[in-house]
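Hello,

Here is the structure I promised to pass on. Please open it and keep it beside you while you read my notes below.

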Amino acid sequence: MELIFTKKLTKMDIERALVLPPRESNLRLLQPFHGTIELPTIFESAAGNRLVGPVTIHCSTRAGDLVFTKGWYALARDAGLRSGDTVTFYQEVNGEARYKFKLRNGGSS
């Protein structure tokens, strides 16, 4: 499992799109692309419990930044994400998906 980024979520991240943090991330693992790519993703709690089934998130470029768009809003809603929660995104190749999100709730350590 290889870390791509960790981000503390804001209200805008949850309601619109998740802008990936450029400086403190390993975005080279998302391979250079033009347009949109699909990322098959598993979403788990910090304890390793699956929160939602495998989903596909679309990653695109917006004003030079990588952004999770289509699929992200439904994932955030279904997983009950809130402002202040922290998500960590990994590259992990397994039978179901190539990527994994782990959630740490804002009130937990």
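Glu2 has Gln91 in strand S6 as its bridge partner. This is a predicted model, so please read everything here that way. The pairing of S1 with S6 (residues 86-91) is antiparallel and has six bridges.

Now the whole sheet. It is open and has seven strands. Their order is S1-S6-S7-S3-S4-S5-S2, and the pairing is mixed. Which strands stand at the edges? They are S1 (2-8) and S2 (18-19). Each has a single partner strand, so one side of each has no neighbour in the sheet.

Next, strand S3. S3 (residues 36-45) runs antiparallel to S4 (residues 50-62), with eight bridges between them. Thr36 has Ser60 in S4 as its bridge partner. Four residues lie between the strands of this hairpin. There, Gly48 takes a positive phi near 95°. S3 also pairs with S7 (residues 99-104), this time in the parallel sense, over five bridges.

Last, look at Thr41, which lies in S3. Is Thr41 buried or exposed? Its relative accessibility is 0%, so Thr41 counts as buried. The cut-off for buried is under 20%. A polar atom of the Thr41 side chain lies 2.8 Å from the backbone oxygen of Leu39. Beyond its neighbours within four places in sequence, Thr41 is in contact with several residues, including Gly53, Pro54, Val55, Ile57, Phe89 and Phe101.

Best wishes

Key. Residues numbered from 1 in each chain as written. Predicted model: local features only at pLDDT ≥ 70, side-chain atom pairs only at ≥ 80, totals over all residues. Heavy atoms only, no water. Pairing = 2+ DSSP bridges. Helix = DSSP H or I, 4+ residues; strand = E, 2+ residues; numbered from the N terminus. Buried < 20%, exposed > 50% of the residue type's maximum accessible area, 1.4 Å probe, protein only. Polar contact = N/O pair within 3.5 Å; in protein donor to acceptor, adjacent residues only side chain to side chain. Contact = heavy atoms within 4.5 Å.
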